[in-house]
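Here is a short briefing to read alongside the model. Please keep the viewer open as you go through the points.

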Amino acid sequence: MRRNTLVLCAVILILATFAWAGWANWEYRRQEAEKLLAGAARGELVAVPGGDAPQYVSPLNGKPAPAFALEDLNGKKVSLAGYRGKTVLVNFWATWCGPCKIETPWLVELRDKYAGQGFEILGVDTEAEDLKPDDKAGWDKDRAAVSKFVTQEKVDYPMLINGDSIAEAYGGLDDLPASFYIDRNGKVVAATVGLGSESDIENNIKKALAE
Amino acid sequence: MKNAFSVRFAASAALIVASTLASHAQLVSPNAQNRSVIKTDAVRYLFPEQLTLPAGKPSQVALHFRVAEGLHINSHTPSDEYLIPTDFSIPDGSEAKLLAATYPTGSIITLPMDPKTRLSVYTGEFIIQARIAATPGNHLVQGKLHYQACDQSQCLPPKTINVAIDIIGK
């Protein structure tokens, strides 16, 4: 009897030890992940164990999207605040970015598909040219290049220029394309860097619409 | 008998608990590398770092560069007007003048998600043949290489790197 009791206690002790070890490990990893994100002023590509494609970890996830007001191709000021109450995809791209151009037709298609549910896309051209505000010739050339692309691809959502001026607020934009999915309350619910698949984009749109 | 059992039992339990704690300690080791951040300089200038050229006479120089693994940069003659070509230059006012630069022919690649678009790019090591004339003396010339790099799914912004060459004109 005493022997059986001893065995039972030992088994319970061992199982409890394993359970504690598992919890402590999970807790440690969670805290390390939080430290990593908190310390990162910029979004980072983080390799996921198991060989999956690197995932973009944006410090803006779950936070209010930084406000901005940029000019469209007609010189009209467009602000993110003007889209409060709508789900918005802010898509940073550039004319020299091949992957950006590959995803544009998908964005046009998805925008048309979900516009009726209060979804909009704001394309933000980010040429990284360090144009000065008074460089009229430079900005005209920029607008012309973007306009040509917009016409070619039949882009029907607002296209804004001078994305470089808000790059820092959106995590640095070291890589393009970069997309931020913003729910109706102005919160970033997903962020991606690089060319994903059309279904990945659609899933993030649905996620933002559902929030 | 009972004592022997108790001792063996206690020893086994202690061993199991100790090994559990040890394996847990390994899992939570601060040195555990279960994540890595991918950041790289897309292009590096390799060599030559120093040149002796006949002063005042044009000389052909092979400048060696390397593109980081997994990335490509547009060639000097990219396939699309909006793609940024790779370009080497020496600023005006330097003691060495770039008379001409001959670029290698780019390799043709396509991206998995856009097999119809052919890109002319440099990958790995590439060489730019520069025709340079230097004035007499020892000059640290700061050439510039302007390029724009991508991998298969994303692009880095255009960048200019310094190409520092110690040129001795004799």
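Helices (H or I, at least four residues) and strands (E, at least two) are DSSP runs, numbered from the N terminus. This is a predicted model, in which local features need pLDDT of at least 70 and side-chain atom pairs count only at pLDDT 80 or more, while totals for chains, interfaces and linings use all residues. Residues are numbered from 1 along each chain as its sequence is written, and chains are lettered from A and ligands numbered from 1 in the order in which they are written.

**Chain B as a whole**
- Chain B holds one helix and 12 strands, and its order along the sequence is α-β-β-β-β-β-β-β-β-β-β-β-β.
- Of the 170 residues in chain B, 24% are buried; a residue is buried if 20 or more other C-beta atoms lie within 10 Å of its own, exposed if 12 or fewer, and partly exposed in between, with C-beta atoms placed from the backbone.
- Taking the contacts in chain B between residues at least 6 apart in sequence, 70% link residues at least 24 apart; a contact here means that the two C-beta atoms, placed from the backbone, lie within 7 Å.

**Domains of chain A**
- Chain A splits into domain 1 (2-39) and domain 2 (56-210), with bounds that come from an automatic or database domain assignment.
- Between the C-alpha centres of these two domains of chain A there are 45 Å.

**Helix α3 of chain A and the residue after it**
- Helix α3 of chain A covers residues 136-153, which is 18 residues, and its first and last C-alpha atoms are 26 Å apart, close to the 26 Å expected at 1.5 Å a residue; the expected span is 1.5 Å times one less than the number of residues.
- Just after α3(A) comes A:Lys154, with a positive phi of about 55 degrees, although A:Lys154 is not a glycine.
- A:Lys154 sits in the loop between α3 and β7 of chain A, and it counts as exposed because it has 9 C-beta neighbours inside 10 Å.

**The loop between β7 and β8 of chain A**
- A:Leu173 lies in this loop and has a positive phi of about 50 degrees without being a glycine.
- A:Leu173 counts as buried because it has 23 C-beta neighbours inside 10 Å.

**A cis bond in chain B**
- From B:Phe47 to B:Pro48 the peptide bond is cis, with omega near 5 degrees.
- B:Pro48 belongs to the loop between β1 (43-47) and β2 (50-53) of chain B.
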